[in-house]
Amino acid sequence: MKTYGIAALMAASTLIGATSATADESAELIINGEIEIVTRTAAPAHLSDAMDEVISGWVFRSDQTQAMQQDDFDNPGLIWVEAAEEAWATPEGTNGKSCADCHGDAESMAGVKATYPKWNAEAEKVNTLQMQMNDCRVNRMGAEAWGYDKAPAINMEALLSSVSRGMPVNVAIDGPGQATWEMGKELYYTRTGQLDLSCASCHEENYGNMIRADHLSQGQINGFPTYRLKNTKLNGVHSRFKGCIRDTRAHTYNPGSDEFVALEMYVASRGNGLSVEGPSVRN
């Protein structure tokens, strides 16, 4: 059940037009001819009052951009995955350990990306995958923590995402992490900034429409980290959140902040059932 608040958005920003650019509903994403990606599926139960179907951002891209993600030789994001593979096997820190020393090949981490963010009982808080990686670095390897959404952290997240491609996103929204999820939901629906927009204003109420020259998606994050043609590098989801909020002319938060951890948890859960597909390619 999708509703359009296009008039309100035009009054606020004069950026969104009512013209609908219909995506090719028959498009299928199969990576390297073998990894089948679910790009459309029934919405999770907690979204039943808002929409019937969840759709990957890949569906909303041009044919040319879609094609780049269908073959790893054409996907620029795989350059940074290769860099992470080298880092995976390189000992660091005072304990002289590498990721591989504890975990073996990176493929052993298949399925991990699909469940994050999630509750960490030892830390007594919700951790994102980057936070968990840094916990391992500091407490297991004796190495310095990586900067949030900075290389090499974003590269390593892309590697762990790549070995989970095709697996369904399955972020838990109950249990001890529920309060964080609720915080993220509130952030998602709260209008902010001079343009008086929320995440939902674009990605729930107006997906499928055009904003400037771009095709609005549902804002699903199952493809993150993502290579953006706009800045020709891998991008983390917290950096994308920061850019979106900045564009509403609102006070924004920093990558790794409690607010963005909560927002990531909530937005990731909106894509439960879609496939992990990062590193994806987007505009």
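Where does Arg-212 lie? In this predicted model, Arg-212 is found in the loop that joins strand 8 (209–211) to strand 9 (214–215).

**Arg-212**
- Arg-212 has a relative accessible area of 62%, so with a cut-off of over 50% for exposed residues it is classed as exposed.
- Arg-212 and Gln-64 are 148 residues apart along the chain, and their C-alpha atoms are separated by 19 Å.

**His-238**
- His-238 belongs to helix 9, which spans residues 237–247.
- At 3.4 Å, the side chain of His-238 reaches the backbone oxygen of Phe-260.
- Leaving aside neighbours within four places in sequence, the residues in contact with His-238 include Thr-128, Tyr-148, Asp-149 and Pro-255. Gly-256, Phe-260, Val-261 and Glu-264 are also among the contacts of His-238.

**Helix 3**
- Leu-78, Val-81, Ala-84 and Trp-88 are the buried residues of helix 3 (residues 78–88).
- An α-helix has 3.6 residues a turn, so residues three or four places apart point the same way.
- Ile-79, Glu-82 and Glu-86 are exposed on the other side of helix 3.
- Helix 4 (99–103) and helix 6 (153–162) are the elements against which the buried residues of helix 3 pack.

**Cavities**
- Two cavities of 30 Å³ or more are found in a search of the whole structure.
- The largest cavity has a volume of about 160 Å³. It is lined by 17 residues, of which Lys-113, Tyr-116, Ile-221, Asn-222 and Ala-268 are the closest to its centre.
- Helix 10 (residues 258–270) gives the most to the lining of the largest cavity, with three residues.
- By class, the lining of the largest cavity comprises 11 nonpolar, three polar and three charged residues.
- The second largest cavity holds about 30 Å³ of space. His-238 is one of its lining residues, together with Thr-128, Gln-130, Tyr-148, Asp-149, Glu-157, Val-237 and Glu-264.
- Two nonpolar, three polar and three charged residues make up the lining of the second largest cavity.

- The volume of the largest pocket is about 1,200 Å³. Among its 45 lining residues, those closest to its centre are His-203, Leu-216, Arg-240, Cys-244 and Asp-247.
- Elements that give two or more residues to the lining of the largest pocket include helix 7 (178–189), helix 8 (199–203), strand 10 (226–228) and strand 12 (280–282). Helix 9 gives the most, with six residues.
- The lining of the largest pocket divides by class into 21 nonpolar, 16 polar and eight charged residues.
- The second largest pocket contains about 400 Å³ of space. It has 20 lining residues, and Asp-149, Asn-231, Lys-233, Asn-235 and Ser-239 are the closest to its centre.
- Helix 6, strand 11 (233–235) and helix 9 each supply at least two residues of the lining of the second largest pocket, and the largest share, five residues, comes from helix 9.
- Six nonpolar, six polar and eight charged residues form the lining of the second largest pocket.

Terms used
Residues are numbered from 1 along each chain as its sequence is written. This is a predicted model: local features need pLDDT of at least 70, side-chain atom pairs count only at pLDDT 80 or more; totals for chains, interfaces and linings use all residues. Side-chain values use heavy atoms; hydrogens and water are left out. Helices (H or I, at least four residues) and strands (E, at least two) are DSSP runs, numbered from the N terminus. A polar contact is a pair of N or O atoms within 3.5 Å; within protein, one must be able to donate a hydrogen and the other to accept it, and residues adjacent in sequence count only if both atoms are side-chain atoms. Contact means heavy atoms within 4.5 Å. On a 1 Å grid over the protein atoms alone, a cavity is a set of points where a 1.4 Å probe fits but cannot get out, and a pocket is an open set with protein on both sides within 12 Å along at least five of seven lines; lining residues have an atom within 4 Å of a point. Grid points are joined across faces, edges and corners, and a volume is the space filled by probe spheres set on the points. Ala, Val, Leu, Ile, Met, Phe, Trp, Tyr, Cys and Pro count as nonpolar, Asp, Glu, Lys and Arg as charged, and the others, Gly among them, as polar. Buried means under 20% relative accessible area, exposed over 50%, partly exposed in between (1.4 Å probe, protein chains only).
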